Structures are given as structure tokens and as C-alpha cells.
Amino acid sequence: MHVRVDRDRCLGSGNCLAWASEVFDQSDEDFLVVVLDETPPEERWAAVEQAARFCPAQAIHVERTS
Amino acid sequence: MTMPTTGLPGFPMERESPYDPPPRILQLLREEPVSRVTLWNGQEAWLVTRYDDVRTLLTNPDLSADVRKPGYPKVSAALAHFTEGLLNHMDSPEHDVYRRMLAPDFMVKRVEGLRPDVEKLVDDLLDAMQTHGAPVDLVASFAFPIPALVTCSILGVPYDRKDFFVHCAEAFLSGTSTAEAAAQAARELHAYLGELIEAKKAAPGTDTLSRMVTEFVATGQLDETVLVTLAELLLIAGFDTTANMIALGTLTLLRHPDQLEELKANPEQWPGAVEELLRYLTITHRGRHRVATADIVVGGQLIRAGEGVIAAQDAANRDPDTFPDPDVVDIHRDARHHLAFGHGVHQCIGAAVARVELQVAYARLFARFPGLELAVPHDQIRFKHQSSVYGVAELPVRW
């Protein structure tokens with residue numbers, strides 16, 4: 001899995017942290033999303049997909065590479 | 001609800017059970033998930049009820065939240081007069097500029113820092129209830145003061161003006177005042193927020209208003225008059241909603257004593273229970289309102305540019321395809337993806353604050369008064385069917 005974020009769309013609502021705090025964080029400087037792990041292990045895929053699905057700004061893009 | 005001449009169902013619809021969405025809207029969810037309704041003024045709009053449709057609709061960039069646009073569904077007479085360009089009625093990209101200015105103070109990490117303050121003010125209110133003695137009206141003595149006081153912290157209202165602020169907020173927003181008294185309170189609050197901004201310019205603190213003044217007003221990126229409207233919106237959006245969730249959520253818990261006992265014994269389960277109560281009650285029961293700015297397809301139905309759309313969160317949160325046995329309160333279900341806070345760029349900015357307030361309020365209330373119960377028969381409780389935010393008018397309790 002490859003995780004990409006669009007920081008131009010991010011509004012800093014922080015929902016992604018609630019789903020997958022090992023993969024996403026909010027910057028201490030501009031408060032927008034940062035990806036901690038662009039290729040998360042398989043056990044986190046479901047949570048990362050939830051984070052992408054429920055991002056209010058639709059700023060998270062996930063590609064599954066099997 | 002009177003049947004309009006067009007034969008379309010009217011919106012809003014009437015509830016039968018005070019805890020469930022109207023039967024008619026749940027029937028539409030099952031049978032005609034994207035359907036036409038008529039509003040109080042004869043205007044027609046689309047009503048979208050399925051969870052997946054509501055969720056995708058609210059992130060669709062071809063929908064506008066601007067009440068001034070023709071076709072915007074004005075679901076009440078009050079909204080028809082409400083044409084101000086507040087943040088919740090702005091579209092991207094204008095909206096996003098202000099939203100990003102406010103966002104840092106509403107980050108989960110920052111909001112967790114508010115938790116000790118919330119615990120303190122909740123404990124103070126519980127002390128006052130204990131001193132007063134049973135029965136008390138939980139709405140007036142607990143549910144309303146909590147969000148009002150938390151808003152004081154966020155805006156940096158000084159201690160000696162808190163009583164004034166809480167009084168004005170209640171008169172303005174609790175729906176218990178006359179229209180004239182509410183309008184007078186709104187004017188007083190507006191004037192006070194202007195004064196408060198002046199005070200923050202002279203002596204900034206660590207609150208949101210101070211940060212907005214020093215980072216954005218002083219640098220010319222934000223107009224002071226806009227900052228007043230942002231502060232008002234934070235108050236309006238966070239006050240009635242949180243207060244009603246505290247009172248109606250407490251009542252709901254009292255009606256599910258087995259689950260309540262489990263929560264008292266296992267307080268670490270409160271955050272999950274809060275999500276389930278938010279889903280089950282969905283007190284924002286008038287839906288989110290948009291107008292299409294281009295032709296779009298929702299759930300297979302073509303919606304044309306210029307047509308109004310109501311995204312019904314209350315129905316969506318009872319969609320059995322997303323929440324099995326949706327009409328059952330179950331504190332063990334994972335309800336985190338409910339739509340009670342809306343979705344998309346207008347999703348409630350204060351959701352993390354509300355979660356802290358609700359977690360602390362319920363947990364501390366039932367820890368202090370484990371024997372809390374209704375002080376009147378259930379059939380004497382007045383539910384606020386006509387309010388834009390659902391709840392109970394009073395909640396007399398004893399312990």
C-alpha cells in the first residue's frame with residue numbers, strides 16, 4: 001500500500017489521526033496532515049482506508065499494491 | 001404535517017418515538033432513498049437518506065452551502081431570514097482560508113489540553129447541584145453551562161465576565177427566551193465580542209481569539225468584523241448542540257440501565273458510548289442543506305444544477321447497510337463513522353471539543369450521582385420537536 005496526501009486540500013480536521021495515528025500526524029508548524037509511514041504494514045491497511053474514506057477534505061489517497 | 005397539494009411529503013417530518021427519526025423518513029430510506037419533498041414555503045428539494053449517498057454528497061464540490069444562492073433549501077422560516085455569509089455557508093476556496101486559520105486550536109492534540117479545564121468546570125457544576133439538592137433541572141444547571149463555559153475558555157472571556165457571557169448565550173440560543181430577549185442578547189454578545197477583541201489586541205492571552213488577533217488581524221489577513229462573526233459562529237455551533245446532547249444523552253442512558261451500569265463500572269468505555277449516542281440521537285435532525293451548482297448524480301438519481309438538496313444525517317445514521325440493527329443503542333458497536341457532525345469541508349470544527357465535553361460530562365455526572373434518576377414520569381418530558389437542534393426542554397432529576 002502507498003499513502004499520499006494532498007496538503008492543498010487538507011483543512012487540519014485531524015480525523016485521520018483518530019483512525020490511524022501510526023500513519024498520520026498533524027504538523028506542529030502548519031497543523032496540516034503529515035504521513036508518518038507512506039508504505040504501512042498490511043495490518044494497518046483497513047484503518048488507513050477508513051482514514052481516506054472519512055477524510056472530510058478528501059485529502060488522502062491510497063493505492064493498494066499487492 | 002399537512003399534505004402539500006403536489007402530493008410530495010413535507011419536510012421536516014413528524015416523529016412518533018422521541019428517540020427515533022420520523023417513520024416516514026426511515027420508509028424513504030428503505031424505499032426511495034433519493035426523493036422529492038416540499039418545504040414550509042412550498043419550495044421543493046431532494047431528500048437524500050442513505051449513508052453512502054449522504055457521505056459522498058457532502059464531499060461533492062458541485063454543491064454549495066451558500067444560503068443566498070437560488071434553490072438553496074430553506075427548511076425553516078428562521079433560516080429564510082438568515083442570509084449572513086457565515087463560515088458554514090461559505091464555499092471553498094473562501095471557506096478554506098478561514099477554516100485553516102481556526103483549525104489549529106481544534107486539533108485533537110490541542111483539545112486534549114482543554115480536558116483538565118472541562119473536568120474542573122464540570123465538577124464545579126456538580127458541586128453546585130449537590131449543594132442545591134435534588135430535584136434539579138439538569139438542562140439549566142448542567143447541560144447548558146458546560147458548553148457556555150468551555151466557549152469562554154476558547155474565546156478567552158475573562159473570569160469576571162463569564163456570568164454575563166453565559167447569561168447572554170443562554171438568552172440568545174437556548175430557545176427559552178422571547179424573540180425580543182434573544183435578539184437583545186445577540187446584540188449584547190456582538191458588542192461584547194468586539195470589546196473582547198480590542199482587549200486581546202492590547203493584552204493577548206493563550207486563547208483562540210488572541211491567536212487570531214495576533215496572527216491574522218495584526219497582519220492584515222483577517223478583518224476584525226469577520227473575526228466577530230467567526231467567534232459568534234463558534235458559540236452558536238457549539239452551544240445548543242452540546243447542551244442538547246448532554247441532556248438527551250443522559251436521558252437515553254437512564255433508559256438503558258444495563259449499559260449504563262456497565263459504563264459506570266468500566267469508565268474507559270465512555271468514548272465509544274459517546275460515539276454511539278451521537279449516532280443514535282443525531283440531534284442535528286434537520287439535515288445538512290446544499291444547492292447543486294452543476295448536474296450531479298446521487299444514488300443513481302440525476303439532480304440538476306440549481307436544485308436544493310437535504311442530506312438527512314438522522315436517516316443515514318440509521319442505515320442498516322452501515323449500522324446493523326440501527327435502531328438499537330449498543331455501546332459496543334464501532335460508531336465512529338457516524339455523520340452526526342456532518343461530513344466534508346463543513347464537518348463540525350469543534351467535534352473534538354464536543355467529544356471531550358460529552359465524555360467528561362456523562363462520566364463525572366454518573367460517578368458523582370450513581371443513583372441519578374428522573375424526578376418526573378417519562379411522559380411529562382417535553383421533547384423539542386420544532387427546534388433545529390433536537391433535545392429536551394427540561395430534565396428534572398434526583399439522586
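In this predicted model, helices H10(B) and H12(B) cross in a right-handed sense. H10 covers residues 179–202 of chain B and H12 covers residues 224–254 of chain B; the two pack at an angle of about 120 degrees, and their axes are 10 Å apart. The pair is therefore oblique. On the H10(B) side the contact is made by His190(B), Leu193(B), Gly194(B) and Ile197(B), and on the H12(B) side by Glu224(B), Leu227(B), Val228(B), Ala231(B) and Glu232(B). By class, the residues of this contact are five nonpolar, two polar and two charged.

The crossing of H8(B) and H9(B) is right-handed. From H8(B), Pro145(B), Ala148(B), Leu149(B) and Cys152(B) take part, and they meet Lys162(B), Phe165(B), Val166(B), Ala169(B) and Glu170(B) of H9(B). The residues of this contact comprise seven nonpolar, no polar and two charged.

| Helix pair | Angle between axes | Axis separation |
|---|---|---|
| H10(B) and H12(B) | about 120 degrees | 10 Å apart |

**Buried helix faces**

Which residues of helix H1 of chain B are buried? In this helix, residues 23–31, they are Ile25(B), Leu26(B), Leu28(B) and Leu29(B). Viewed down the axis of H1(B), these residues lie within an arc of 155 degrees, so they line one face of the helix. Arg30(B) and Glu31(B) are exposed and sit on the face of H1(B) turned away from the buried side. The cover over the buried residues of H1(B) includes strand S1 (34–38), strand S2 (44–48) and helix H15 (313–316) of chain B.

In chain A, helix H2 spans residues 45–53, and its buried residues are Val48(A), Ala51(A) and Ala52(A). Down the axis of H2(A) they fall within an arc of 100 degrees, so they too line one face of their helix. Among the elements that cover the buried residues of H2(A) are strand S1 (2–5), helix H1 (15–19), strand S2 (24–26) and strand S4 (60–63) of chain A.

**Contact between the chains**

Twelve residues of chain A touch 15 residues of chain B. On the chain A side, the residues that touch chain B are seven nonpolar, five polar and no charged.

Asn317(B) lies in the loop between H15 and helix H16 (351–368) of chain B. Is this residue buried or exposed? Asn317(B) has 24 C-beta neighbours inside 10 Å and therefore counts as buried, the cut-off being 20 or more. Apart from neighbours within four places in sequence, Asn317(B) contacts Arg279(B), Thr282(B), Phe323(B), His338(B), Leu339(B) and Ala340(B). Ser177(B) is 140 residues from Asn317(B) in sequence, and their C-alpha atoms are 32 Å apart in space.

Thr282(B), one of those contacts of Asn317(B), is placed in the loop between helix H14 (270–281) and strand S5 (288–292) of chain B. With 23 C-beta neighbours inside 10 Å, Thr282(B) also counts as buried. Phi of Thr282(B) is positive, near 30 degrees, although the residue is not glycine.

**Other backbone features**

Most residues other than glycine have a negative phi, and most peptide bonds are trans. Gln58(A), a residue other than glycine, has a positive phi near 55 degrees. Gln58(A) is located in the loop between H2 and S4 of chain A. Gln58(A) has 18 C-beta neighbours inside 10 Å, so this residue counts as partly exposed.

Two cis peptide bonds of chain B precede proline. The bond from Phe11(B) to Pro12(B) is cis, with omega near 0 degrees, and Pro12(B) lies in the segment before H1 of chain B. The bond joining Ala134(B) and Pro135(B) is also cis, with omega about -5 degrees. Pro135(B) belongs to the loop between helix H6 (115–132) and strand S4 (136–137) of chain B.

Notes:
Residues are numbered from 1 along each chain as its sequence is written. Chains are lettered from A and ligands numbered from 1 in the order in which they are written. This is a predicted model: local features need pLDDT of at least 70, side-chain atom pairs count only at pLDDT 80 or more; totals for chains, interfaces and linings use all residues. Axes are lines fitted to C-alpha atoms, for helices over the stretch in contact, and angles run from 0 to 180 degrees between N-to-C directions. Helices (H or I, at least four residues) and strands (E, at least two) are DSSP runs, numbered from the N terminus. Angles under 35 degrees count as roughly parallel, over 145 as roughly antiparallel, 65 to 115 as roughly perpendicular and the rest as oblique. A crossing is left-handed if the near helix is turned anticlockwise from the far one by less than a right angle, and right-handed if clockwise. Two residues are in contact if their C-beta atoms, placed from the backbone, lie within 7 Å. Ala, Val, Leu, Ile, Met, Phe, Trp, Tyr, Cys and Pro count as nonpolar, Asp, Glu, Lys and Arg as charged, and the others, Gly among them, as polar. A residue is buried if 20 or more other C-beta atoms lie within 10 Å of its own, exposed if 12 or fewer, and partly exposed in between; C-beta atoms are placed from the backbone. The arc is that of the directions from the helix axis to the C-beta atoms.
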